[in-house]
Protein chains: 2
Amino acid sequence: MSNYSGYNFIGSARSAEGDVVLKSKNATTGLDLTPSFYQATQSEVDAACQLSALAFPFYNKLPATRRAEFLNKIADELDMLKEDFVSLVEQETALDKARIKGECGRTSNQMRLFAEVLLRGDYYDARIDRAKPNRQPIPRTDIRQCRLGLGPVVVFGASNFPLAFSTAGGDTASALAAGCPVVFKAHSGHMGTAEQVALAILRAAKETSMPEGVFSMVFGSGVGEALVKHPAMKAVGFTGSLHGGKAICDMAAARPHPIPVFAEMSSINPVVLLPQALSKRGDTIASQLSDSVVLGVGQFCTNPGVVIGVRSPGFTTFVNKLTAEMLSKPNKSMLNSGTLKSYQKGCETLIAHPGVKVLSAAQGSDNEATNYLFQGDAELLLSGDKLLQEEVFGPATVVIEAKDQQELLDCISAMHGQLTATVIGESDELLESTVLISLLEEKAGRVLINGYPTGVEVCDSMVHGGPFPATSDSRGTSVGTLAIDRFLRPHCFQNYPDSLLPDALRNSNPLNIMRLVDGVKTDSAI
Amino acid sequence: MSNYSGYNFIGSARSAEGDVVLKSKNATTGLDLTPSFYQATQSEVDAACQLSALAFPFYNKLPATRRAEFLNKIADELDMLKEDFVSLVEQETALDKARIKGECGRTSNQMRLFAEVLLRGDYYDARIDRAKPNRQPIPRTDIRQCRLGLGPVVVFGASNFPLAFSTAGGDTASALAAGCPVVFKAHSGHMGTAEQVALAILRAAKETSMPEGVFSMVFGSGVGEALVKHPAMKAVGFTGSLHGGKAICDMAAARPHPIPVFAEMSSINPVVLLPQALSKRGDTIASQLSDSVVLGVGQFCTNPGVVIGVRSPGFTTFVNKLTAEMLSKPNKSMLNSGTLKSYQKGCETLIAHPGVKVLSAAQGSDNEATNYLFQGDAELLLSGDKLLQEEVFGPATVVIEAKDQQELLDCISAMHGQLTATVIGESDELLESTVLISLLEEKAGRVLINGYPTGVEVCDSMVHGGPFPATSDSRGTSVGTLAIDRFLRPHCFQNYPDSLLPDALRNSNPLNIMRLVDGVKTDSAI
């Protein structure tokens, strides 16, 4: 490892001006890891932001092919990280090696997918309305439009995906693809991992001759505010708690020049079980659903937090089976002691509530998260009780028994915005559930039929977003290629000489992309 | 006119529960017009919002062809408005009849353009990633995405476009196209106009069997806050002052569940003059530019508020010519006494500032706006003085003489976000001005070469948006077909049976639209 290990990254330069020293912890033992990390000072944050602003006009104007080269090179660099890197991630997060390797592959593939988006060129949304010099009563001049990067973006790393939602994760990939330099705030839970990934990004930047400042990274718990408030920064990507996300949204809105924030925050991901499915395959559903609840120690934004069905003997049998399944799952270590404490607190609040009973709580060691199955009164949802509206991040879920179909619909209506909603049912009953499914589509960014919400595919069609509080803006997604839209703005070029237009809008269509020309999609030159 | 004239519209029902009575004024004489308008009560606002929420699931699920029918019918109804309507608008706004007729045509054409967007189908942004059941290590399930309406939208009417940015204006048209019912807040400056247009919309809604509540309209100066804070409302469109727009953004962000606001607010629309153009055609530019400044009594969001060039004999000659041109223009009445007062106050502040001198101020009657040409020190821009950063809404502009090219660039750098920026130059000097043009592209939503910013074409390529404070979110536009994006959100359908998918995503591609299937654009069935 580098001599400067633990220093902040101001572009490719390393800096440790401050006195506050932070330690990364072994997630399983709680012991300090080496090296120490230096919390960025205000002046280091300022330097990183200023540098990103200097890089922006050059980086934003680079041909998309060059940015694609950069992203592909980052992917290659990530793929070259070795076993010692995997061990480091394991130490910092307590995630198992198979998961870490899988997540690393997902992260490099995500970079490559955004490179493909750049080459495909539809992200430009190129539009051309040609001049109509003879139009009456007034002529129309030539007007063209394509999308440009917003400007430098602040990205916050998430604790639960040290790779795929962190230093080189989806927010960074989509911002870099959009032409926006990134200043990254490393999560305190995996600073060593973040440093190694940042080094990989910077090797790729050097190898592909990207402008200095295209990527910076700072450490420290107090630096987020300075980043969000910095005038050079033009957008924010965040994945984390409702509390943290809301604070960032408020800060961004209170700037003299407010900037957009995409914050992915809190979701309880309801799973609705229909009766025919329960009677036909209740045991299988119980087994699969419990797997989904405890997968990755429940540390997924799409973890199923509420399971809901209509009262029936079949539902009772299912709940009993689910209870047994949950009891059979081994408890495991969480990402860090903070996450564990927060989970324990959430579970204690549920346990203490008179409307909630514990169905299953497997005992384990103090350092592990207990897998919990709760049953809650439908009234808790109907009355809008905060208890069931906010995510308890960890391997727990709450079963709700509605007295009839109408009460089930009322429960769903009372729910806040979600990342996902799931319906499990047989063909016939699904076709009769259009009201239910429509309602879920209003509530969530993604609705799954006969699946489980954990496991978010990185592809063109994915939406990892949804109405508040799932995210701060349901018009965006932080997973999938549409994530690039958050960091682009349309720009209109009126009456430009051809040679001053960006390639996407030139008459000869040198990029050979689809464009909307006088209202018709075409890849022809004009 | 209807017996209920002056009543609020709760869907198609008329309601006048309140005691507060408002008068529309004759813009030229200041005298009250009949009838009286009833300020909506809290319960009327609530009823309108609740009704829009009831209408939403039905309206949002209607085939796009049906919504297109509705928009086209609104256009037809607008086109049928007769001379008495034009006279009413003229009385309320002091705009001349030719302008009113032109704006009416623009408004109905805008509706028809959004109907075309619905039929073209690219607004769905349909994406399909087919299942890969044999993928290793885990299979991929079928994942599809298209865009849905956000929910009911609050739209605020603008004073300066009683038709094109009001009741049936661009925000309403794009929201209705997106599948979002609209609750419209009529501007107090033209309530009679608003009522007639609302009646036209509701006739169209009835004739095309739209759900009750697809459109409502309320009167009253205090009702905006109640609309923005109403839990049923999911987005806001606003055109008006920086002060008003910022207040709405803050209210929307402070809701328990924040909603997006697109507020188009303040822009000074810099015009940069290059030396060769000035020496070659300075007189023509002076004549055209002064026409643009006083067009519509300067009451355009894109009115050129700052004219900037580098010191030279040619620039001095140009400024003298512009002064003479401005003096020659007749003063005219503004939209209402509030607009006039606000304009006079803005001009007085400029006059009082030691860094500003008056070049031209044609005297006229007290009820008319004086056409003003000012000259301001470059230092005012360089130091970030608020004076030149905020729009003075009316027929005034400020000339700035930069001492050299670098100072000109520094002046532009110091400017806030703009709707438009303009460069006037000859071919050669334009090609040498890439740094300047890039900088303007960063600052504005639209850059014009050799044109004038007033006159915003309604087309696919238009951007009437830009960085703060031009708008609250530079990723949107309120003019042109891209305006629909503000009111759409992506939704992901995972593992759906074909019959439960929206038409845009069905295997057979019944809408015959372009879709991104496994990363390739195609209109084939799958």
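Q: Is B:P63 buried, partly exposed or exposed?
A: A residue is classed by how many other C-beta atoms lie within 10 Å of its own, with 20 or more for buried and 12 or fewer for exposed. In this predicted model, B:P63 has 14 other C-beta atoms within 10 Å and is therefore partly exposed. B:P63 belongs to the loop between α1 (42–61) and α2 (64–79) of chain B, and its C-alpha atom is separated by 29 Å from that of B:A186, which is 123 residues apart from B:P63 along the chain.

Q: How many residues of β6(B) are buried?
A: The count is seven of the seven, so β6(B) is largely enclosed by the rest of the structure. Its pairing can be read alongside this: β6(B) pairs with strand β5 (residues 127–129) of chain B in the antiparallel sense over three bridges, with B:R127 opposite B:Q145. β6(B) also pairs with β21(B), again in the antiparallel sense, over seven bridges, and there B:R147 stands opposite B:P490.

Q: Which bridges join β20(A) to β21 of chain B?
A: There are three bridges between β20(A) and strand β21 (residues 488–494) of chain B, and the two strands run parallel. A:V447, for instance, has B:F493 in β21(B) as its bridge partner.

Q: What is the order of the open sheet that has β23(A) at one end?
A: That open sheet, of twelve strands with mixed pairing, runs β23(A)-β22(A)-β5(A)-β6(A)-β21(A)-β20(B)-β19(B)-β12(B)-β13(B)-β18(B)-β17(B)-β15(B). Its edge strands are β23 (520–522) of chain A and β15 (356–361) of chain B. Among its pairings, β5(A) and strand β22 (residues 515–517) of chain A run parallel and are joined by two bridges, where A:R127 stands opposite A:L516. On the chain B part of the topic, helix α10 (residues 313–328) of chain B lies across several strands, including β13 (306–310) and β17 (372–376) of chain B, and runs at about 50 degrees to β15(B).

Q: How many residues does each chain give to the contact between chain A and chain B?
A: The size of an interface is often given as the accessible area lost when the parts come together, but residue counts can be read as well. The contact takes 61 residues from chain A and 61 residues from chain B. On the side of chain A that touches chain B, β21(A) gives the most, with six residues, and by class that side has 28 nonpolar, 18 polar and 15 charged residues.

Q: Which residues are buried in α16(A), and against what do they pack?
A: An α-helix has 3.6 residues a turn, so residues three or four places apart point the same way. In α16(A), the buried residues are A:L436, A:L439, A:L440, A:E441, A:E442 and A:K443. They pack against β12 (270–273), α14 (405–414), β19 (418–424) and β20 of chain A, and also against β6 (143–149) and β21 of chain B.

Q: At what angle do helices α14 and α16 of chain B pack?
A: Two packed helices are described by the angle between their axes and the distance between the axes. For helix α14 (residues 405–414) and helix α16 (residues 434–443) of chain B, the angle is about 10 degrees and the axes are 10 Å apart. Angles under 35 degrees count as roughly parallel, and α14(B) and α16(B) are therefore roughly parallel to each other. In this contact B:L409, B:I412 and B:S413 of α14(B) meet B:V435, B:L436, B:L439, B:L440 and B:K443 of α16(B), which by class makes six nonpolar, one polar and one charged residues.

How values were computed
Residues numbered from 1 in each chain as written. Chains lettered and ligands numbered in written order. Predicted model: local features only at pLDDT ≥ 70, side-chain atom pairs only at ≥ 80, totals over all residues. Axes fitted to C-alpha atoms, helices over the stretch in contact; angles between N-to-C directions. Helix = DSSP H or I, 4+ residues; strand = E, 2+ residues; numbered from the N terminus. Parallel < 35°, antiparallel > 145°, perpendicular 65-115°, else oblique. Contact = placed C-beta atoms within 7 Å. Nonpolar A, V, L, I, M, F, W, Y, C, P; charged D, E, K, R; others polar. Pairing = 2+ DSSP bridges.
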